[in-house]
Amino acid sequence: MDDDIKNLIKKLERSVFAGNRTTAAEKLGDLGDPCALNALIGALDDSNPKVRAAAAEALGKLNMPEAIPGLINALNDPDSPVKKTAISSLEKISTPEAISGIVKGFEDRDRFVQKEAVKSLMRIGSRDAIYALEKSLSYPDYSLRRISIIALGKIDTYEAALCLVKAIENSDNKTRQQAAETLGKRGKSDVLDELMEILRDPRQPVQETASETLCKIVSVSTSVPVLVKALGASSRDVRKVSIETLWKIRTPEAVAGLLRALDDPDWYLRSRAADALGDIGSPEAVRGLVKAFDIYENSVRKAITCALGKSGAPEAIEGLVKALNDPDNSVRESAVLGLGRSGTNEAISGLLRALDDTKAAVREAAASALGDLKAQQAVPKLVEILEKPDSPMQKAAICSLEKIGTPEAVAGLIRATESTDACVRRAALKALEKINKTNFSPAPTPDETENPGTKPVIRSRVTDDDSEVRTETSKLSGDICNMNSLNELELSISVEETKESRAHQNAITEKKNGIGLTCPYCSRSLNLTTAPNFCPFCGMKLKLKY
């Protein structure tokens, strides 16, 4: 031992001034000579707290296991700074005995001392330190449990995560939630199996917290094996998050996982998996859906059919055509809607077959889809439907023929105006009117505006016994804009004219070339050579004052 060390030890042990003793302890710690060990341990009992704190700090710098008992005794010091310094020195030594000493800080009434103990164990981060932090979770003080859980989250090892998993089984709700939040922020899946095991806990709050934690971990995971494993969780929420995360990943491996999710016991999750596969729309996804169609029961087949319809992939047509033979009419209807979106020749062939389906909803959906596709191949079949009396499909067929709008479709609509059903006649006339508006040119000549297909309709329907048919006829004639047709209409539609009105018309024709009147119902100008009893545009009976 050199003279400097001897003098410093002498000053530490004998000086009457606390400042000199404090300085001596600090210098001995800086020099790090083991010979000062006993003197520094003795100084832990000094009457002055500053000297005791300086001695505790110096022992930490010496980093000698022999100092551990003295530092542990210092944790009983009445002064908090001394205890905090003793904990810091034990942290530097970091042996299992030192860690056991730090744990004594959990029992201190001063929360700053407790916090220092937790921080020291967190910085050590060894297994012994982790298990020491785990002990704090059994203490009644929630603030201690909370900071210990946060410390375990920052250590970020598998052993620390296991301690957090155990905290989820804690009977205290706040502790469980803190552990769940910490594991969620950690975002690693190394404790996935342990969490899934906790889902079997008979206590519902524990199950819910475990499920919440798993959802947080699964939602940030990019590992397909982890997500596929989560599909086997007993928690519906976990499986749902796993499906949605696989949906976002979209890799072939994710597709395989989603195909597996079609086995889920929950019908909604099965449909979500099917939706995800349809949205991904890759060849692997579509082929998997087509293959799965023959395996699953009705609810899944419907979800698969909807997904195939959304995918728009050529490979989906095979599955949709197959679905037209399904015993469930809702599946067949979904197949029709999906084929209507694709518009291929194979899809149109399938839709034509669906026109003979046993269910009206399927037939109507097929007719509507063919109209939307403007499928000219469907015209003969649609016209055939129109010619069947009392067919509930007639209105749907008329709408589709209107959308197709070919000469053959127009011819079929014209024939429909001869139907015995007034509703069918009205619908056919409305369809012809819309076709005429679509084909109407801005500046036609008189010869061009005369539509040879609609003129016979005007002549035959202006005297129809149904007032709404006469109204539709008047609208159609107004859109044609041909004066000869209008003269026929106004003379024929006046089925209730009186002698006075005929006399008035005769008088007018001798003196004037036109009459400037306005219909009070539709406000359209009636600049005609004769005064009609019915408005040729809206079909309303006129009560004109002359």
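**Exercise 1. Which residues are linked with Asp156 in a network of salt bridges?**

Start with the criterion: a salt bridge here is a side-chain nitrogen of Lys or Arg within 4 Å of a carboxyl oxygen of Asp or Glu. Apply that, and Asp156 joins up with Arg186, Lys188 and Asp190 in a network. For the total, the structure holds 29 salt bridges.

Before going on, keep in mind that this is a predicted model, where local features need pLDDT of at least 70, side-chain atom pairs count only at pLDDT 80 or more, and totals for chains, interfaces and linings use all residues. Residues are numbered from 1 along each chain as its sequence is written, and side-chain values use heavy atoms, with hydrogens and water left out.

**Exercise 2. Find what Arg145 pairs with, and say which parts the pair ties together.**

Step one: the Arg145 side chain meets that of Asp172 in a salt bridge, at 3.3 Å from N to O. Step two: Arg145 sits in helix H10 (residues 142–155), while Asp172 is in the loop between helix H11 (158–168) and helix H12 (173–186), so the pair ties together parts 27 residues apart in sequence. Helices (H or I, at least four residues) are DSSP runs, numbered from the N terminus.

Step three, accessibility: buried means under 20% relative accessible area, exposed over 50%, and partly exposed in between (1.4 Å probe, protein chains only). Arg145, at 7%, is buried; Asp172, at 26%, is partly exposed.

**Exercise 3. Is Glu116 buried or exposed?**

First the contact: Glu116 and Arg123 form a salt bridge through their side chains, 3.4 Å from N to O. Then the areas: Glu116 is buried at 12%, whereas Arg123 is partly exposed at 44%.

Methods. Helices (H or I, at least four residues) and strands (E, at least two) are DSSP runs, numbered from the N terminus.
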